[in-house]
Amino acid sequence: MMSSTSSAAAGPISDAGSGPDARRNSKRPKYSRFTQQELPACKPILTPQWVISIFTLVGIIFVPIGVAALLASHDVVEIVDRYETACVPSNMADNKIGYIQNPNISKACTRVLKVTKDMDKPIYVYYQLDNFYQNHRRYVKSRNDQQLRDKSKANETSGCDPEKTTSDGTPIVPCGLIAWSLFNDTYSFTRGNGEALTVNKKDISWKSDRDHKFGSDVFPKNFQNGGLVGGGKLDPKIPLSEQEDLIVWMRTAALPTFRKLYGRIEVDLKENDTITVVLENNYNTYSFGGKKKLVLSTTSWLGGKNDFLGIAYISIGGVCFFLATLFTVVYLVKPRKLGDPSYLSWNNNRGTQ
Amino acid sequence: MSRGKIRAKLRQERLRWSKLYTFNCARSNAEPADATEPFNGLQGPGFSRTVRCNQPGLHGRKPLSYPSNYISTTKYNIITFFPKAIFEQFRRVANVYFLLAAILSLTPIAPFSAVSMIAPLAFVVGLSMAKEAMEDWSRFMQDMKVNKRKVSTHKGNGIFGYRQWHKILVGDVVKVEKDQFFPADLLLLSSSYEDGICYVETMNLDGETNLKVKRAMDATLPLEDDMAFKDFNATIRCEDPNPSLYTFVGNLEYEKQVYPLDPSQILLRDSKLRNTSYIYGVVIFTGHDSKVMQNSTESPSKRSSIESKMDSIIYVLFTLLVLISMISSIGFAVYTKYGMPHWWYLQPKNASSLYSPSMPALSGIFHFVTALILYGYLIPISLYVSIEVVKVLQAMFINQDIQMYDEESGKPAHARTSNLNEELGQVDTILSDKTGTLTCNQMDFLKCSIAGVSYGVGSSEVEIAAAKHIASEISGSPGHNCFQADYWDKKDDKSSVIELESGVTCRIEKDSKTKINGFSFKDDRLLEGNWTKELNPGTLLMFFRILAVCHTAIPEVDEETGSVTYEAESPDEGAFLIAAREFGFEFYRRTQASVFVRESYPNPSEREFKILNLLEFSSKRKRMTVIVQDESGQIILLCKGADSMIFDRLSKNGKIYEADTMKHLNEYGEAGLRTLALAYKMLDESEYSTWNAEFLRAKTTIGPDRDAQLEQVVDTMERELVLVGATAVEDKLQKGVPQCIDKLAQAGLKIWVLTGDKMETAINIGFACSLLRQGMKQISISTMNTDFLNQDAKKAIQDNILLQITNASQMIKLEKDPHAAFALIIDGKALSYALEDDLKHHFLGLAVDCASVICCRVSPKQKALVTRLVKEGTGKITLAVGDGANDVGMIQEADIGVGISGVEGMQAVMASDFSVAQFRCLERLLVVHGHWCYKRIAQMVCYFFYKNIAFGLTLFYFEAYTGFSGQSVYEDWYMILFNVILTSLPVISLGVFEQDVPSDVCLQFPALYQQGPKNLFFDWRRIMAWMANGLYSSLIVFFINIGIFRAQAFRSDGQTADMAAMGTVMFTCIIWAVNMQISLTMSHFTWMQHLFVWGSIATWYLFLFGYGFMSPVISGNAFHVLSESLGPAPIYWMTTFAITVACNVPYFAHLSYQRLFHPLDHHVIQEIKGLRKDLMDEHMWTRERSKARQETKIGFTARVDAKIRHLKGKLQRKVSSLGGISSMAS
């Protein structure tokens, strides 16, 4: 079978005893299947059957998953209310920045929401900001994790520029732009029948953050004491690990449009319920023209309302079905026998002999 | 001096050799020049060297300060290693870029932490430097091996002792013994022969295998034993060190006289003393001053064509990088100027210049640098290191290949540089040396023709195979061509008798008797004394006597066994003597005046032949003659020489056998044998003495026309000869050479032979290797006779050669027969014109059209020039293979240099990129390893660009969402690990273990090799397609993720995805996508590939899990990311799944389409193998194997085809002439 040189035919076994001169043979490579590149290997071959079945299989798996994901998304009830324009008093509509920056104007605002469909508890309350670059490099870097975690590291403010220290040089805890610009709108909810809906703000952050990243003995210090007040204030008596709004806020969002969890309403809402929201519109998004939205949403096993995953699955599945059909058709029209030597290049180029 | 001392044993050996040599070695009787009149040339610059013999201590110090004999070929030493090696490393553009990035990463401009930039760079540079250090170390060890060789040196007071080579100093007197190399350039003082000659083998210098004679001056002859050097004192003034091997100018001041020196007294380092017991010499040039070291050029660093192409891809990517960085920085400037003043949460008023809205242009420029670093993932730093690792491992497999291990020399193949592995798969032209590469420089007496009868039944392989094929066809075995691939296998038949067309019956038998070196003759008619029963025993006797007497060899009798070995000047002569001995004419003793032969038949007797004259062989005369007187007083002239020379000199009645002999000579020549014709002439006493008187007179003439006169006198004697017969000696090819050439030719490679030998020899070898065959049109280009060289003559020669070239090209163009093959044979002189600028393109054009090209009598420099011409003229990859120092230039010039390490002498190997023990290993080196390595590297590089584009572009897209601020969505550690750990091992396993077809299939289907030279796997279309695939993957990964994790909760308990979560999901998707992609690319999964591919994915999860459990100070927002936030979320797993599939659908569809409808050769073969069709349908398998070769006109198989066509044509003619039955042949 081997038509190669004679040493090729000599093979590994027959040479074992040859060579009287042992020193000379010391350079002889040792035989092993590894060094001779003869390891047993699995060599899958793409046959038409395989190709068509793989595409079909992917289609069969993907389309139902897509449908399930779409269904899950459709089960989610979501109420979105954009309020940043509506909450500006009409006389200040031309000077929204003046309005928001004036501490003397009351920022209270009332919104009425209508429940479009039954909402089962828990109902998650989010605020959604738009055009807010929480992912800006300057912003993302402006924090110090050591300081947040460890009481003794309060002086660790590296990276927190320009919200590092107060003007007299004492460190700010928590330092940095992220904490400084803490979101500070508040919402309170009442049902149409006057029943107050309590918003549970416990456990809205990741447990690991509370337990390990934000120290239970670290208290806010010098926070928002400087000349420039950014966003929300923190109660200096409550340790950081319990400041869940801060913890949620400090998880910087990936995109300029983001939602953050505000709390949970642990009551079922019925279709056509009206909900009155009394909110304090404190946070300045007017400077950069960002929207603010209040979102009430239930969740499914997949999370919130988003058809994208389902659509993606169905399209991929669809493409695979299409390809499976295409390959089947082309294969039926122009079949090729596997291992047909007439497809070898030397049989094509030379014509008939 | 001590001339009178007699050592009897020595005397016996010491023949007055100068008596044997009638012309060339005739000593000039010029008196030594007067001491007051020193040689003029030795005053000026360039001739300042002074050597005080026997006072070595003087030369190390000022003012001479000559270097010691220590040689070093290393690139670095301990001190220079770091600066030099680092400098080397940063000559790579990419490394400079990474260095700059690393430096900048220390400033706040950098988007990443400093360690993430510096660590990979340090790793890459460190690894490459470690490799350099290793290679340099092995060079150092080689040097040390040479430096530690020992030679006997004069230590004072006439005592000689062994000393290591590197301790030899200028002025030392050394004693070199037989078969030792000279340790430095020496001046020959005396030798074991009385007249101070010695034989030198200069194979390492110029590749010529014949021995050269060097002779000492008369003045120094008395220095013939150790004690003579006690008070020896002389001064040599000579030229400064220079690289010219064939010149030497200097003089020797000895005993108050000045003697001029010439090159014939100079023994060069790395040549070898042969046939001489010992010589004494004084060291003139040591170490790097020696001529051979002056000749050595630093080996150029070579890069494979894939690597150069990779550079252009890097440039493309670099352009892309600059482009997106520009977009990014412009975007950033715009955002900073118009957006940032409104983003109060960034406190724009307090921003440094990096983010200053008041200076957007400056910020933009800073950001440009940031972006260059951030998108640096487009230019994979790890590509270099991975390629380096892969190549080292590939080289290891080459070194470990047991089938390239040569049992005889005990040497495995060795990849000396690992840079060129993949280049092995793209070779187009092989330029090969002859002696020592194709042949082993050993002659075997194979056939002879005596008195018009051809003796010797060893038949050439071509004849056997062709006969076999015809036989199988006639006996009705099915299919055309179907057994061609098996010619070599079928030789295993115990014995077979084949009726050849010529009527000679050939018997092939396995060698059962122990073979005599140099004698493969088999014919019972002549052996064991049977020749006495032949028709013409007289002629036979004369034939054997010529063999036994007409030569210049010296017998060496082993005193214990009584067996005789011969020291001959050329290996042919040795073969004749052995043949004569086997026929019963044992030459056993030579004295000054006689040759003694022991004849066994018809009656055992010892005969003495008095040698009256010896007219020696020269390349011009092409014949050798002795005039002897036998015991009966009869004077006989015995002559052997080239057939053309002998046939011109035959007497009328000496031509009886001319026609038959001529026919036999042609047959032998076609079988690749070296032939010589033998003749004799009986002389009268008177006739001889008249001639001899004339001869003596001519010999003693002093004057310029002495040589011409001598030649004329000799010529008158060598006439009217009687032809006896002819010999055919096989210049033994190395094992497996014809087979290897056959396979290489079938793989579509062109083979050129460049040899220093003469044309006849080269042509014989061409026939033996099937590079030439009968029916091939030989185009021979040579110069006209040029005795006087003036300007016009030069021009005339040029024109003449141009004419020859254009005529030949024209002839080829007009040729209609598709089977016609042409061979170009050109000699060195013609080549020197053909290589001039205005002719070389014509020459190359002609050479490319010819099936085989043989250049003879080429100098080492011409070899290099031819190589360069082919390399640059055709733009294809060339491979040069050679064994001697004369091949070094060619080996260095070619894209790949291969040295033959089976023989002694290391120059070629030292200069080479790969070394193999035998020529035949080339087949496996190219067809198996080259093919594999090419595909591996090509696929690997393509994949590398794919994966880095897929990854790098996601960073860019994300930028657009962050106001181009330079924030990356991934954690720093993800990015570091991406190239270093998470995707590197699968690529390396692709680069090291991938096999499209197993090695035996590579060898069976040489046509597969053409995938490399045609560059099917690394053309721009393919590279671009891979890049587009990367672009597609990056889009899919990024935008599907953005779509899925937009704003809403991603878990059932309401949390939304932050940057860390999103980055982690995207990264997971990329890891899956690229690893799935590579597993689609692979066609060969051993447990290693499984481990690496699936292991990489598993490692990612393990890392993520572990990283999440590290202190949040380290892991930041990735703290508990897998265990707490992503792991429990079904959407995470579903996204990964969907994106992995989506990324791979197009490539999978492409693969399937190509495979199902436009399969490449290896696909079909994989299927055949996979379905075990090769076992079920052996007929088809054999047929395809025999067809799987490139259209070639050289090589054994092509030759057999030609022979078959020839025989068939003949048969057809015969048949049709017989009865017009034409149906049979169709």
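**Notebook: chains A and B**

I started with the charged pairs and counted three salt bridges between chain A and chain B (a side-chain nitrogen of Lys or Arg within 4 Å of a carboxyl oxygen of Asp or Glu). This is a predicted model, so I note that local features need pLDDT of at least 70 and side-chain atom pairs count only at pLDDT 80 or more, while totals for chains, interfaces and linings use all residues. For the bookkeeping, residues are numbered from 1 along each chain as its sequence is written, chains are lettered from A and ligands numbered from 1 in the order in which they are written, and side-chain values use heavy atoms, with hydrogens and water left out.

**Where A meets B**

I looked up one of the salt bridges: R28(A) reaches E407(B), N to O, at 2.3 Å.

Which helix gives the most to chain A's side? I got helix α9 (residues 308–333), with ten residues. Helices (H or I, at least four residues) and strands (E, at least two) are DSSP runs, numbered from the N terminus.

Next I took the whole contact: 117 residues of chain A touch 132 residues of chain B, with contact meaning heavy atoms within 4.5 Å. The buried area comes to about 10,700 Å², and carbon and sulfur atoms give 61% of that. Buried area is the accessible area (1.4 Å probe) that two parts lose on being put together, summed over both.

**A sheet in chain B**

I traced an open, mixed sheet of nine strands, in the order β14-β35-β34-β33-β15-β29-β32-β31-β30; two strands pair if DSSP finds at least two bridges between them. Its edges are β14 (414–415) and β30 (777–781), each pairing on one side only. Inside chain B, β33 (877–882) and β34 (896–900) run parallel and share four bridges. I checked V881(B), and its bridge partner in β34(B) is V898(B).

**Disulfides**

How many disulfides are there over all chains? I found two, taking a pair of cysteine sulfur atoms within 2.5 Å as a disulfide. In one, C87(A) and C109(A) have their sulfur atoms 1.9 Å apart. The S-S torsion of C87(A) and C109(A) is about -75°, so this disulfide is left-handed. C87(A) sits in the loop between β1 and α3 and C109(A) in strand β2, so the pair ties together parts 22 residues apart in sequence.
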